[in-house]
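Q: Could we go through a few features of this model together?

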Amino acid sequence: MKKYLLTSIKLTAVLLVLLAVLYPLFLSAVGKLARGKGNGETVSVNGKVVGYANIGQKFTEDKYFWSRPSAVDYNAAGSAGSNKGPTNPDYLKTVQDRIDTFLVHNPGVKKEDIPAELVTASGSGLDPDLSPAGAKIQVKRIAAARHISEDKLNALVDEQTVKPLLGMFGPAKVNVLKLNATLDEMQ
Amino acid sequence: MNTELTGVIVTFIITVLLAIPLGRYIAKVFAVERTVTDFMNPVEKFIYRFCGIDPQKEMNWKEFLKALLTINMLWFVYAFFMLLFQDKLPLNPDGNPAQTPDLAFNTAISFLVNCDLQHYSGESGVTYLTQLFVVTFLQFVSAATGIAALVGVFNALKAKTTNNLGNFWQIFTKTITRILLPVCIIIAILFTFNGMPSSFAGKDTIVTMQGDTVGVSRGPVAGMVAIKHLGTNGGGWFGANSAHPLENPNYFTSMLELIAQTVIPIAMLFAMGLYIKRKKFAYVIFGIMTIGMLCLLVPTMVSEISGSPAIAKLGVSQPTGAMEGKEVRFGPAASGYWSIITTVISTGSVNSMHDSSMPVSGLMQLLGMMINAFYGGCGVGILNYYIYIIIAVFISGLMVGRTPEFMGHKVEAREVKIAALVTLLSAFLIKGGAALAAYFVAHHGDMAWAVKPSAWLNNPSYHGFSEMLYEFTSANANNGSGFEGLGDNNIFWNVSTGFVLILARFLPIIGPVAIAGLLAKKKYVPESAGTLKTDSLTFGMMTMAVIIIINALSYFPALALGPISEALRGAN
């Protein structure tokens, strides 16, 4: 037993150096070559940093594309989902309220055209994206708030849409922060 | 075909295509043949010399297990104290507090046993030091422990009659230097260039476009996420695990994380076929496991892609499927696939919140963890399947009226007893634990714990019961995913799941290693016309039948109270 313990202590020490010191230090050195230098990639508006490209933000003003509901109010220091079960009555009431709010702010939109992502919370509470449909359904409201033509906004969404990986795998998406940053820079 | 489905199918195909050469490579590493990583030789020699290891020394199954258990015990003590005093140690840029003793107990065990149940949130519950020196470190060594135990069993299966399971220290060390570390470096570099942070910079504060001030947690994430998946660990850097956009920034990283967690369990099957020179045996097992996985996957994907009936009633459209708890960049198809992969394999990382999955999906996730042998975790998946094989051999033997044999050795009372005990243990821990928790919720709702039992559940009715059942199932499977609405950071859950974790990890390792060791010692009986052929398709189906019967008998009543009732009620 003593023999095993001594070997265990030494092996643990040497593996700690390899796995907990050298391995992460090597990767952080590699990270310096990546965009954002391993700190995370940021987005700027007129030269001012307004957030991280991959971290969603709360957008509730009419002049912006809204982001998805979030269980943690887009607190990027405490990510989480709602963890509400699909048949939970309180949860379904919350979704109903979100639908009503959306319809009030987006007159003329039909309920059956609202994609579910706009009234359901994401897993991380920090979802940075919308589907192209989720963005386009908001175009009318933003056009009215900003006095830009709907065509121009639709074109902007198309331009910002990220196609599926290699055009074949996964869904298409639009980054809401980048979209709104472009909107502010246009005006 | 839609791009969400092609993404899933291609991810699986790539996994299998990579597992074939990786399996060949793993077999060569343990057979000590020449490989591309022979440049690691000097590193290993240094480790052996520094630690006083004689890599040639043979170990019998008892010595093998003693070495394995001693070093694991050491890691537990080490991890516990690190977490307890993390607030006073360096590398804590966010000023996070120490863990309470019961939380540190749970966390240390949880990572030690490759489970990674997390009753804390990564952003606030650990420091950069403990993320690296406890979490990442244990993610490497617990995976290597599982693989080493399995290779010990391979050594027993390989020889006709032997006492030698190989040298634990050598197998363990080579698992890290030849398999886990090199592959992790490649994966982590790909992550880094896809937007995953890798620097030691602390939490950032930003003012958003709407003028809110929010903190953004970061850290050296990439390396940890690589071993988290490759080692089938699953514990996340951030609270939201691989749903978090810095832990899984895009569809490419999602595919990569899926491939990383599936590839070693499948590769170990192919490695087994080559290493013990029974390829057909390995292919049949791979086939049975794949069929089992698909039986769980297809209903899950169908129910996620069809969307939530309750949401449909509210009148909005669900063009891609159910979206609560899911991320737009992955979509319901890849989220459904991930939820099954992560539960059949004991990873437990998530890219969507399982608590918000459809009831049918929740049922399939639970079944994946209860069976725990459709691929299964690093090393331990095949060990679990091995137990099912021993029982299938026994039952088949009874059916044909011969003494059961497995690979030329008579399977006798002692071995069957061990296998039966390991099987019964799971049912006891899962149902006993869930029953105890349900009792506290029902009868002692006001117990003065950090979270009162009356406040444990995040959802009412059947789904609330599922949350408790899921937690114990996940602990028993050493899985680590959760119905995360459960208020589990309090002394009841920390301690009870802590004990389940230890028992459910080490007994299912000790059991198969002991059986293999006992069998290998026996006299070799050459195959004859009357021998039960364990590499035939018939025997594969027999094993499948045993799996279905054991698990149906064990868990149907508990599942009926949880997800099955919820699904039936939702349908009306």
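Q: What should I know about the model and its numbering?
A: This is a predicted model, in which local features need pLDDT of at least 70 and side-chain atom pairs count only at pLDDT 80 or more, while totals for chains, interfaces and linings use all residues. Residues are numbered from 1 along each chain as its sequence is written, chains are lettered from A and ligands numbered from 1 in the order in which they are written, and side-chain values use heavy atoms, with hydrogens and water left out.

Q: At what angle do α12(B) and α13(B) pack?
A: Helix α12 (residues 331–344) of chain B packs against helix α13 (residues 359–371) of chain B at about 20°, and their axes are 7 Å apart. The two are therefore roughly parallel (angles under 35 degrees).

Q: Which residues make that contact?
A: From α12(B) come Ser339(B), Ile340(B), Thr343(B) and Val344(B), and from α13(B) come Met364(B), Gln365(B), Gly368(B) and Met369(B). Contact means heavy atoms within 4.5 Å.

Q: Changing topic, where is Gly195(B)?
A: Gly195(B) lies in the loop between α7 (168–192) and β1 (204–207) of chain B.

Q: Buried or exposed?
A: Gly195(B) is buried, at 16% relative accessible area (buried means under 20%, exposed over 50%, partly exposed in between, with a 1.4 Å probe and protein chains only).

Q: And what does Gly195(B) touch?
A: Leaving aside neighbours within four places in sequence, Gly195(B) contacts Asn54(A), Leu246(B) and Pro249(B).

Q: How is chain A divided?
A: Chain A has domain 1 (1–39) and domain 2 (53–186), with bounds from an automatic or database domain assignment. Their centres, taken over C-alpha atoms, are 41 Å apart.

Definitions and conventions
Axes fitted to C-alpha atoms, helices over the stretch in contact; angles between N-to-C directions. Helix = DSSP H or I, 4+ residues; strand = E, 2+ residues; numbered from the N terminus. Parallel < 35°, antiparallel > 145°, perpendicular 65-115°, else oblique.
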